Amino acid sequence: MTDILAVYTTVGSLDEARTMARTLVERKLVACAQISAIESLYRWEGAVQQSPEWRLLFKTTADLYPQLESAILACHPYELPAVCAVAYDRCHEPFSDWVRSECTGP
């Protein structure tokens, strides 16, 4: 198990995704942010919803997760955002080194 995490969330527009991604990279909470268009189906307030969304996938370190989660929640447009982290079991060491060197926090 490494100390590198993939953290993801979703937002409703490309502009929101780009703004969040740029903010978190500039604050050195993440080494990288990837943005993908997706279609989501979910139950919200008793009804099934279907909507286009933008998924953000961030690469960071386990040590920075609490700060990253707080930063995501502070700028997230959703009432109840999904903020989920997955630890990498294995990771190419030069990539892990790069993530660690970029994730120094504010």
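Trainee: Let's start inside: which residues of the largest nonpolar core touch the most other members?

Mentor: In this predicted model, that core has 21 residues, and the ones touching the most other members are Val-7, Met-20, Leu-24, Leu-56, Phe-58, Leu-68 and Ile-72. As for where the core comes from, β1 (4-11), α1 (14-26), β3 (47-61) and α2 each supply at least two of its residues.

Trainee: Take Phe-58, then; what is Phe-58 in contact with, leaving aside its neighbours within four places in sequence?

Mentor: Its contacts include Leu-5, Ala-6, Val-7 and Thr-9, together with Met-20, Ala-21 and Leu-24. The list for Phe-58 also has Val-30, Cys-32, Ala-33 and Ile-72 in it.

Trainee: And α2, which of its residues are buried?

Mentor: Tyr-65, Leu-68, Ala-71 and Ile-72 are buried in α2, and they lie on the same side of the helix because they cover an arc of only 125° around the axis. As background, residues three or four places apart in an α-helix point the same way, because there are 3.6 residues a turn.

Trainee: What do those buried residues of α2 pack against?

Mentor: They pack against β1, α1, β3 and β4.

Trainee: Switching to the strands, how many bridges join β1 to β3, and do they run parallel or antiparallel?

Mentor: Eight bridges join β1 to β3, and the two strands run antiparallel; within this pairing, Val-11 stands opposite Trp-54 of β3.

Trainee: How many join β2 to β3?

Mentor: There are 13 bridges between β2, which covers residues 32-44, and β3, again in an antiparallel arrangement, and Glu-39 has Pro-52 in β3 as its bridge partner. These two strands, β2 and β3, form a hairpin with two residues between them.

Trainee: Which loop holds Lys-28, and what is its phi near?

Mentor: Lys-28 is found in the loop between α1 and β2, where its phi is near 60°, which is a positive value in a residue other than glycine. Lys-28 counts as partly exposed because its relative accessibility is 42%.

Trainee: Now Glu-79, where does it lie, and what does it touch beyond four places away in sequence?

Mentor: Glu-79 lies in the loop between α2 (65-75) and β4 (84-87), and, not counting residues up to four places away in sequence, it touches Trp-44 and Glu-45. Glu-79 counts as exposed because its relative accessibility is 67%. Its C-alpha atom is separated by 23 Å from that of Val-30, which is 49 residues apart from Glu-79 along the chain.

Trainee: Last topic: how many aromatic pairs does a search of the whole structure find?

Mentor: The search finds one aromatic pair, formed by Phe-95 and Trp-98, whose ring centres are 5.8 Å apart and whose planes are at 40°, so the pair is tilted.

Trainee: Where do Phe-95 and Trp-98 lie?

Mentor: Both lie in helix α3, residues 93-102, three residues apart, which is about one turn of the helix. Phe-95 is partly exposed at 27% relative accessibility, and Trp-98 is likewise partly exposed, with a relative accessible area of 35%.

Methods: Residues numbered from 1 in each chain as written. Predicted model: local features only at pLDDT ≥ 70, side-chain atom pairs only at ≥ 80, totals over all residues. Heavy atoms only, no water. Buried < 20%, exposed > 50% of the residue type's maximum accessible area, 1.4 Å probe, protein only. Contact = heavy atoms within 4.5 Å. Core = buried A, V, L, I, M, F, W, Y, C linked by side-chain atoms within 4.5 Å. Pairing = 2+ DSSP bridges. Arc of directions from axis to C-beta. Phe/Tyr/Trp six-rings, centres within 6.5 Å; stacked < 30°, edge-to-face > 60°.
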